[in-house]
Amino acid sequence: MATSRPTKATAGSRADQANRADRADRALAYLESAKNLTGSACALGGLALTFTGLAGAYWPVVVAGLYGAGALIAPPTRPPAPRFPDPTSRMDGLRKDFTTLREYLTQVDLPPAATERLASLRELLDGLLTPGWVSEALAQDPEGIHVLARAVHRDLPESVDTYVRTRWWTRMAPGGQDPEEELVRQLALLHGELAGLVAGLREAEEIRQQTHTRYLEDRGAENTYGTGTVPGT
């Protein structure tokens, strides 16, 4: 059965329709724009001058000029600012990913030293990801979120998976570096990085507290001077 193909005339007709629709949309957008509304308001003022006889025989020029002046002084059309995902939504995604990671870690048989290091590391991650003011503060720190996401998405699962694979090869061919020691070292490095993140958040809160203290001290000093009392008397 033969199928009909669009002809050049049909394609041209569709293009014409699209162009007409685009022109209509532009015209409607201009009619609703601040430039047209401001110009129209000024033109109405010109018509009022015409009815009172102040514009004289040149009223069309006055009306058109006032419309053009209004259109020029009107603010330009401002495109809507792009809306990006809220930082807290990324924290929600990290929590779900960390839950998946924890389920994976429960299936891996790790040596006691690594298990201890991993428990301490998971405690840090739990504290950073638990909903509350800590995670809210972290959500405002793009670099901190990057460090946390890198640990959850890549560093920690890569360290554990590499250990599992290396341990199998070590059993097949004994000798070489102990994979358990390497895993413990990696977990310690990750723990140190996250501990540094926690220290940075704590320092930011301490600075915020000190800043508020100085603000209260300065305000108290201003109130003291305002009442005419000399400090220390």
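**Entry: glutamate 205 and its partner.** I began with glutamate 205, which counts as partly exposed because its relative accessibility is 28%. My scale calls a residue buried under 20% relative accessible area, exposed over 50%, and partly exposed in between, using a 1.4 Å probe and protein chains only. The side chain of glutamate 205 meets that of arginine 208 in a salt bridge, 3.9 Å from N to O. By salt bridge I mean a side-chain nitrogen of Lys or Arg within 4 Å of a carboxyl oxygen of Asp or Glu. Arginine 208 is exposed, since its relative accessible area is 61%. I found both residues in helix α8 (residues 179-226), three residues apart, about one turn of the helix. Helices here are DSSP runs of H or I with at least four residues, strands are runs of E with at least two, and both are numbered from the N terminus.

**Entry: ground rules.** I noted that this is a predicted model, where local features need pLDDT of at least 70, side-chain atom pairs count only at pLDDT 80 or more, and totals for chains, interfaces and linings use all residues. Residues are numbered from 1 along each chain as its sequence is written, and side-chain values use heavy atoms, with hydrogens and water left out.

**Entry: other salt bridges.** How many salt bridges does the structure hold? I read nine. One joins the side chains of arginine 165 and aspartate 161 at 3.0 Å, N to O. Both sit in helix α7 (residues 142-172), four residues apart, about one turn of the helix. Arginine 165 is partly exposed at 43% relative accessibility, and aspartate 161 is partly exposed at 31%.

I also looked up arginine 150 and aspartate 155, whose side chains form a salt bridge of 3.8 Å, N to O. Arginine 150 is partly exposed at 24%, while aspartate 155 counts as buried at 17%. These two belong to a network of salt bridges that links Arg150, Arg154, Asp155 and Glu193.

Entry: Is alanine 114 buried or exposed? It is buried, because its relative accessible area is 0%. Alanine 114 lies in helix α5 (residues 112-129). Leaving aside neighbours within four places in sequence, alanine 114 contacts Leu183, Val184 and Leu187; contact means heavy atoms within 4.5 Å. Glutamate 180 is 66 residues from alanine 114 in sequence, yet 7.2 Å away in space, C-alpha to C-alpha.

Arginine 95, in helix α4 (residues 87-105), is buried too, with 19% relative accessible area. Not counting residues up to four places away in sequence, arginine 95 touches Leu129, Thr130, Pro131 and Ser135.
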